[in-house]
Amino acid sequence: MSEWFETVAEAHRRAKKRLPKTVYKALVAGSERGLTLDDNIKAFGEIGFVPHIADLPAKRDQATTVLGQEISLPVIVSPTGVQAVHPDGEVAVARGAAEADTAIGLSSFASKPIEDVVAANPKTFFQIYWSGNRDRILARLERARNAGAKGLIVTLDWSFATSRDWGSPPIPEKMNLRTMLRFAPEGLSHPRWLWGFLRHGLPDLTTPNAFPPGEPAPPFFGAYGEWMQTPPPTWEDLAWLREQWDGPYAIKGITRPDDARRAVDIGATAISVSNHGGNNLDSTPATIRLLPAIAEAVGDQVEVLLDGGVRRGSDVVKALALGAKAVMIGRAYLWGLAANGQAGVRNVFDILRSGIDSALLGLGKSSIHELAREDLIIPEGFFRTTRS
Ligand SMILES: Cc1cc2nc3c(=O)[nH]c(=O)nc-3n(C[C@H](O)[C@H](O)[C@H](O)COP(=O)(O)O)c2cc1C
């Protein structure tokens, strides 16, 4: 069978087949009833196009910039803290994105050191949570700056609501003999995945960017525990953090116009309209339903990004027509990574690029910068807003 895949849906099918069930379920993630998880995908499908048939542009342009970085298509990698999907992990993601000439967000819960990831793709933004005291946060920033990170993404949408009606996979504390024996049957029944790791060494399940330099890389739960015990940040804390980082600064997790305005007030360069891919508070609407009100509230004072549910180029075009400058993808590239490593990540970007191009052609647009709400058919009652 060819390693190339035609759609993100096919990459998803292959990932499901190839990954041990525990790893696969950790990527599906979601919370509670999974309403938000489902709505992120469903909502894109409710928006329509009516294509033109003549006077179409012979060339279509997708290039843009995000957080000061030039990218060849309006899609970047959203940070995901996942272990054990592929032996090259975030380095493979960074390389696949570099081949597609786009940028990546690197999670502070990632499995590879930031220095290796920046070497693979200089257009790397480092993502942090508000975790630990200010000195510890500063030490992480310092390391990211020294490594050459081009921007900071501060993710704020997490309410520790992690129960799932379909059950959560067990996440091992660390890789030791007990863990190996416990997960051996799953590994043995997915020989291709196991062989990939055996050639490189089993995943050590640590998060090398989570603790300040000089401390040993903590296991995932060490990093998560510190975060859980840290009081959530105030806007004052976030303004202080902004002052500590003298480059592009993005706030990820915005679902409300009032929060978007606060992000502008503290000097954010960008916001991402995000519900953490349906992993935060269930019943949060799909981000695409929330986007226009937020984009209108901030105008061009800040770059507006969106993530959640993007699986095809036409989804990207819909988000751009509704006010996003670019989108971030999560599971789409994780499926690609699981299906075919670095080439699989590149494959996903190729699929999105070609889907964006087709949508631009059908809509008669020569550039993503010409997209507008009038290009879409939006059903009555599609959008959701708060009264803020
Ligand atoms: C398995 C998984 C792990 C994630 N880990 C992080 C993380 O460490 N930091 C972060 O900011 N967002 C994290 N996210 C959220 C993604 O950055 C992004 O918001 C989300 O995946 C977008 O939705 P999509 O998967 O439908 O594209 C994670 C998402 C998934 C699915």
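User: Which helices each supply at least two residues of the shell around the ligand?

Analyst: Keep in mind that we're looking at a predicted model. The shell around the ligand has 26 residues, with Ser78, Gly81, Thr155, Gly277 and Gly330 as the closest. The helices that each give at least two residues to this shell are α2 (21-28) and α14 (331-363).

User: How many residues of that shell are polar, and how many are nonpolar or charged?

Analyst: Let's sort the shell by residue type. Three of its residues are charged and nine are nonpolar. The polar count is 14.

User: On which side of α9 do the buried residues sit, the same side or opposite sides?

Analyst: Helix α9 covers residues 220-228, and Phe220, Ala223 and Tyr224 are buried there. Those three span an arc of only 95 degrees around the axis, so they lie on the same side of α9. There's a handy rule behind this: an α-helix has 3.6 residues a turn, so residues three or four places apart point the same way.

User: Is Ala29 buried or exposed?

Analyst: Ala29 sits in the loop between α2 and α3 (35-46). Its phi is positive, about 50 degrees, even though Ala29 isn't a glycine. Being buried takes 20 or more C-beta neighbours within 10 Å. Ala29 has 21 of them inside 10 Å, so it counts as buried.

User: And what about Asp55, buried or exposed?

Analyst: Asp55 is in the loop between α3 and β1 (64-66). Asp55 isn't a glycine either, yet its phi is positive at about 60 degrees. Asp55 has 6 inside 10 Å, so it counts as exposed.

Definitions and conventions
Residues are numbered from 1 along each chain as its sequence is written. This is a predicted model: local features need pLDDT of at least 70, side-chain atom pairs count only at pLDDT 80 or more; totals for chains, interfaces and linings use all residues. A residue is near a molecule or strand if its C-beta atom, placed from the backbone, lies within 6 Å of it. Helices (H or I, at least four residues) and strands (E, at least two) are DSSP runs, numbered from the N terminus. Ala, Val, Leu, Ile, Met, Phe, Trp, Tyr, Cys and Pro count as nonpolar, Asp, Glu, Lys and Arg as charged, and the others, Gly among them, as polar. A residue is buried if 20 or more other C-beta atoms lie within 10 Å of its own, exposed if 12 or fewer, and partly exposed in between; C-beta atoms are placed from the backbone. The arc is that of the directions from the helix axis to the C-beta atoms.
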